[in-house]
Amino acid sequence: MRPEDSGPPDYYYNEQEASKYTSNTRIIQVQQQMSSRALELLALPEDEPNLILDLGCGSGLSGEILEENGHFWIGCDISQYMLNVALEREVEGDMLLSDLGQVCKVILCLGMVKHVIFK
């Protein structure tokens with residue numbers, strides 16, 4: 001069972017937990033590596049900015065990598081606390097609070113994830 005299925009999102013994604021994402025160097029490093037690898041695999045033209053949707057954008061760590069590579073992004077997350085951290089960090093993406101599980105039955109991105117995981 002997903003944590004958010006057993007209680008409200010703020011129970012698991014509260015202010016204390018949200019702050020961990022940008023204070024834990026390991027989390028930051030992994031997120032940056034995964035984001036950089038995803039961009040590498042997408043092979044987007046380097047001289048052309050793209051608009052990228054970041055589902056579960058959290059504190060905006062991935063969005064920063066997108067920005068650094070000249071792209072624009074829109075982020076969506078289930079936790080207002082995570083989005084607050086992103087706002088405090090002054091990331092450039094547009095963000096919205098939404099529980100995509102209430103909007104979509106399935107969000108599929110397996111074709112991308114396997115390349116990131118099995119580099």
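1. The sulfur of C76 lies 6.9 Å from the closest cysteine sulfur, that of C57, too far for a bond. Seen from C57, the closest cysteine sulfur is in C76, again at 6.9 Å and too far for a bond. The structure holds zero disulfides; a disulfide here is a pair of cysteine sulfur atoms within 2.5 Å.

2. This is a predicted model: local features need pLDDT of at least 70, side-chain atom pairs count only at pLDDT 80 or more, and totals for chains, interfaces and linings use all residues. Residues are numbered from 1 along each chain as its sequence is written, and side-chain values use heavy atoms, with hydrogens and water left out.

3. Are C57 and C76 buried or exposed? C57 counts as buried because its relative accessibility is 5%. C76 counts as buried at 4%. The classes are buried under 20% relative accessible area, exposed over 50%, and partly exposed in between (1.4 Å probe, protein chains only).

4. Now the sheet. Three strands form an open, parallel sheet in the order β1-β2-β3. The edge strands are β1 (51-55) and β3, and each pairs on one side only. On average, neighbouring strands are turned by 15° against each other, direction ignored. Strands pair if DSSP finds at least two bridges between them. Strands (E, at least two residues) and helices (H or I, at least four) are DSSP runs, numbered from the N terminus. Axes are lines fitted to C-alpha atoms, for helices over the stretch in contact, with angles from 0 to 180 degrees between N-to-C directions.

5. Five bridges join β1 and β2 in the parallel sense. I52 has W73 in β2 as its bridge partner.

6. Strands β2 (residues 72-77) and β3 (residues 94-97) run parallel and share four bridges. I74 stands opposite D94 in β3. From β2 the chain passes through helix α5 (residues 80-88) to β3, a right-handed β-α-β crossover. Right-handed means that, with the strands pointing away from the viewer, the path from the first strand over the helix to the second runs clockwise. Helix α5 lies across β2 and β3, at about 160° to β3.

7. Which residues make up the largest nonpolar core? There are nine: L39, I52, C57, I65, L66, W73, L83, A86 and V91.

8. Leaving aside neighbours within four places in sequence, A86 is in contact with G58, S59, G60, V91 and M95. Contact means heavy atoms within 4.5 Å.

Note on methods. A nonpolar core is a set of buried Ala, Val, Leu, Ile, Met, Phe, Trp, Tyr and Cys residues joined through side-chain atoms within 4.5 Å.
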